[in-house]
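This briefing sets out selected features of the structure shown below. The points are grouped by topic for reference alongside the coordinates.

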Amino acid sequence: MTALTHTRMLSVRDWGVLWVIWVLVSCQVLYNGSQRQVGCVVEAVTPDAPNNSPPNISSSEQRNKILILDVDNTLYDESLAGIERQIVSNTHAFCGTFASLTAEQADELYHKYGSTVEGLRHSHPELLAQFYHDVYQPIDVCSGLLSSSPDNAASFTTGYTHQTKRRKLLLQQLLSLHHKDNVQIYLASNSPLSHVSKVVSALGLRHIPYKGILTPDTVFTYPNLPFPTKSHASLFYKSLFEKHDKQDLILLEDSLYNLQQAKALDMTGYHVTSHHTLPLVLGTLFGHILPISDGKEKYQFSDVDYLKAKNVVDAESIDEAVWNQMQHELLSSLPKDGKEPVVIVDVGAGRLSMLELLLRGTSRLSPLVLGYTTKEIHYYAYEPNQNLIPSCHDTLQKLGFHQKKSQEEEEMVFVGENGDTTVTVHLRMRDFTADLQRDSTFVSAPHLIVGCCFADLWDPNQLVASLLPWMMMDQQSQPLIYFPITFSGTTFLDPPKGFECDKEIPSDTLAMQLYGKSLVEQQGHNIDPFQIIETMQQHGAQLLTHGKSNWNIDATHQAYLWQTMLYFLGTTAAPELTSRGWNAQQWVARIRSRQPTIRVSNVDLLFRFTPILDVPKNTATNNIYTTTSKNEAVTATKVTEIQFVAPRQVTTVTKQINEQLGPNQIRVKSVCSLISSGTELKIFKGEFDDAAALDVNIKGMADESMSYPLAYGYSLVGIVTECGSDVQDAKALLGRLVFTFSPHSTHVICERDAIHLVPHGISAEDAIFMPSVETALSIVHDAHVRVGERIAVYGQGLIGLLVTAILSRHHNTDIASRPPSSSKHLFGTITTFDTIADRLLVSSQMGTTEALLPSEAKHAGPFDVSIEVSGNSRALQSAIDHTENGGRIIVASWYGNASVELQLGIDFHRSHVSIQTSQVSDIPAQLRGLWSKPRRFALTWDLLQQIRPSQQLLTKVTHLKDAQAAYELLERGKEIAVAFKYNNDDDDDPNI
């Protein structure tokens, strides 16, 4: 992510993120007529302040800040816009035509008087009015400022240009400052008002509520000094001096000469350049970016140091299972004769960290071992950031490579040995997107395309469009595409803190959600990896596997990366918070004082691209779906299913079923099934009431009791393969995806009226969550939440997270995105509690306004409604203790046969709190007039399409043979949801 995007983007795989390097560098401050370097921080220095004093938080908040923003080369970067070049060219032409001056003579006036117009004031004062018209009227600001990309194809291809990002960031910051009572914004330029108006319009900054605009043709004109400029600061700024204290005036300017003139009048000045950007200056000035000291020297940003720190965390976070499958798929796809070299393309090489991982591995990730498959690897590494090339040299030297001559421009070639394999690295100092349009050479089409911390930088359609030429280079190849460390949208502080409304400090959860919102809306990033998956699949790439690769950034052990993360939050989240009225400065200060672990949700994606379309099988001659006639002979079906045999013991049983379907029965071949983390886990642990019915409302379970051995489960999705003779809609059913409340088994037989057709557009992986979503929906119905009520959800396991997801979509939580205007507490909040940090991170993804540890309940409450879905009696006690008088507690947990002790003292006795149970098997009596089971099922399917729970909540997919381990993982809280996957093609599959 980036300074304004997210923390992993600074390997600068494309020119579209180069702007981050501009933001995260040292800023210079004018003080006593000189510039001093202060690391990555701009200190708010006034002429009377000591040199070494950073701004005090409380005092800087209270003091008025009158911002005076220069326009040209301050609001935008001249190196991209080219406006200054037009001004110089027009000035030369004007001086030649009307003052008979050569270009050199005109430049001499500039150097002698600080500007050419000041020189003309001395020699040709009668030309000033015409000068401003003739020089500025023809200037084209649109081509430079409205262009979405600078003059290179790479940034256009990515869709994330630094100029566009900088403009959006500046707009976001200026709009946020408008909400601060002690801030006023002026524009001040040596250019005429007409020019300033054109620039501000082109930048999209017209609707900023400026307090005033100072230009030579708008300030008071003195008889002996027409059109005064900043060179005459006492006159130019006179109107401001009459309204404001000079100590409050802050000039942000690209001209050192103009800053010196302002400093002489006791104004504070900040030097803004293309490296010391206005967004960074503003972020520091308002405390969103604060000085960091390690006791010796202040933190300074370096793209190389950042990548070094990031690469360490990447290696610790990459999903081992996806890494191993990537290697397995690569080796299995290579010819066995060993003659073909392996070609790997790294589209975002950075410091060559992925090359080092492939060759060396880690204690957790095995290195790539080709064996006898091939003796040669060609590694094409693309890195356009020239700052990183020396670091690439260091990496290659450490790996034992030596340089050889290259025939390519912008390419260096290095050769090394990795066991018996020769590795040739083609380090290409350019963007990968345009390389196939050049006359570049390649050994062969790539076998593997790698992009670490890469895919989330792109619009998914542009990402795939840029990769397709590589994937389709050879119609015979089927390259792998590997995207490790792809940001999936959530940043989380552990431990988290909640709202402090008296100080207008937001919860960490809300602040991070607004951070993600800013990444999407202001920076144009994609933080939904499933959009990448869908787009890749639309273009012929199959998702082979994916896995979590979350970052855990500790303030002590990963200090540099942790500090850099705070800069990103300060420049991106803080303006968004400020615009909503929150005290971003105090929020950032709270993070610094607490130093929580920063957790970032990432996912590793592995695809294989198939260039040739699969030809569908002729189902007319090879139909696996049948209808059973009444006299048809009985055939045997081998079925493998799960059985619970004792507390914490589960096994698989395989048997032959010689059973002809009944007239109204159907046979379903299983696709996947979900383990229930509530009732089913209680059965696994043996915490149930002996002889109780399995489920009184599920057909086939009402007559079965809870006793070992026991087959159980109620979330299975499969394909209808056979229908009984009296099934009226057999033709429509055959081949359809259906849901059934059946135990985990490779095949099931059930009555026609016991199945649910899975609506089109819902995947099998999402459909298995149908009972869980229905359970969560019934809990929300029982809670009967009213607009503005404050809700607590205790427990963020599967059901708790789904309750949070439904509440966040249908409860107006946007009320809580701003500080309360008059009440002590916010309205419309959803506060979630759990003891496991990973669950709280996902809770944030589900839409809670604050995700907290249970110890924070006393600060976060009281609540109008408390929902207990943890299965832990201590959570129920906390709900009783922290629910408002007259409030409601919904108990959705089943405690099994465990004893529950509660403290129900005088406070509870006087509270008039109601406690209500919630259970999904039936519609509550008070709702039966409006709701029925079919109606609730219909809404459940709609919610499934909205939530798509498999994307965030399905944390492990396994096979029946690994059932024991799966239940143990769920019991230990290591997974949120675990599903069994069945092979649809081969009943003898050893993975069943």
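Predicted model: local features only at pLDDT ≥ 70, side-chain atom pairs only at ≥ 80, totals over all residues.

**Backbone features in loops**

Pro-862 is located in the loop that runs between helix H31 (857-860) and strand S29 (863-868). The peptide bond joining Gly-861 to Pro-862 is cis, with omega about 0°.

*Cis peptide bonds*

- A cis peptide bond also leads from Tyr-708 to Pro-709, and its omega is near -10°.

- Gln-595 is not a glycine, yet its phi is positive, near 50°.
- This residue, Gln-595, sits in the loop between helix H24 (584-594) and strand S17 (597-609).
- Gln-595 has a relative accessibility of 45% and therefore counts as partly exposed, since that class lies between the limits of 20% and 50%.
- Arg-648, likewise not a glycine, has a positive phi of about 60°.
- The position of Arg-648 is in the loop between strand S19 (636-646) and strand S20 (649-658).
- With a relative accessible area of 39%, Arg-648 is partly exposed.

**Helix packing**

*H28 and H29*

- Helix H28 (residues 770-783) packs against helix H29 (residues 798-810) at an angle of about 60°, and their axes are 8 Å apart.
- Because of this angle, H28 is oblique to H29.
- The two helices, H28 and H29, have a right-handed crossing.
- On the H28 side, the contact is made by Ser-772, Val-773, Thr-775, Ala-776, Leu-777, Ile-779 and Val-780.
- On the H29 side, the contributing residues are Leu-798, Ile-799, Leu-802, Val-803, Ile-806 and Leu-807.
- By class, the contact of H28 with H29 consists of 11 nonpolar and two polar residues, with no charged residue.

*H16 and H23*

- The axes of helix H16 (residues 303-317) and H23 cross at roughly 110° and come within 9 Å.
- This angle makes H16 roughly perpendicular to H23.
- The crossing of H16 and H23 is left-handed.
- H16 contributes Asp-305, Tyr-306, Ala-309, Lys-310 and Val-313 to the contact, while H23 contributes Tyr-560, Leu-561, Thr-564 and Phe-568.
- The contact of H16 with H23 contains six nonpolar residues, one polar residue and two charged residues.

**Nonpolar cores**

- The largest nonpolar core has 85 residues, of which Trp-323, Ile-344, Met-354, Tyr-379, Tyr-482 and Trp-587 touch the most other members.
- Helix H23 (residues 559-579) is the element that gives the most to this core, supplying 11 residues.
- Leaving aside residues up to four places away in sequence, Tyr-482 touches Ile-318, Val-322, Trp-323, Met-326, Met-354, Leu-448, Ile-449, Val-450, Gly-451, Asp-604, Leu-605 and Leu-606.
- Another core, of 78 residues, lies apart from the largest one, and its members include Leu-716, Ala-764, Val-803 and Ile-976.
- Val-803 of this other core is also one of the H29 residues in the contact with H28.

Terms used: Residues numbered from 1 in each chain as written. Heavy atoms only, no water. Axes fitted to C-alpha atoms, helices over the stretch in contact; angles between N-to-C directions. Helix = DSSP H or I, 4+ residues; strand = E, 2+ residues; numbered from the N terminus. Parallel < 35°, antiparallel > 145°, perpendicular 65-115°, else oblique. Left-handed = near helix turned anticlockwise from the far one by under 90°. Contact = heavy atoms within 4.5 Å. Nonpolar A, V, L, I, M, F, W, Y, C, P; charged D, E, K, R; others polar. Core = buried A, V, L, I, M, F, W, Y, C linked by side-chain atoms within 4.5 Å. Buried < 20%, exposed > 50% of the residue type's maximum accessible area, 1.4 Å probe, protein only.
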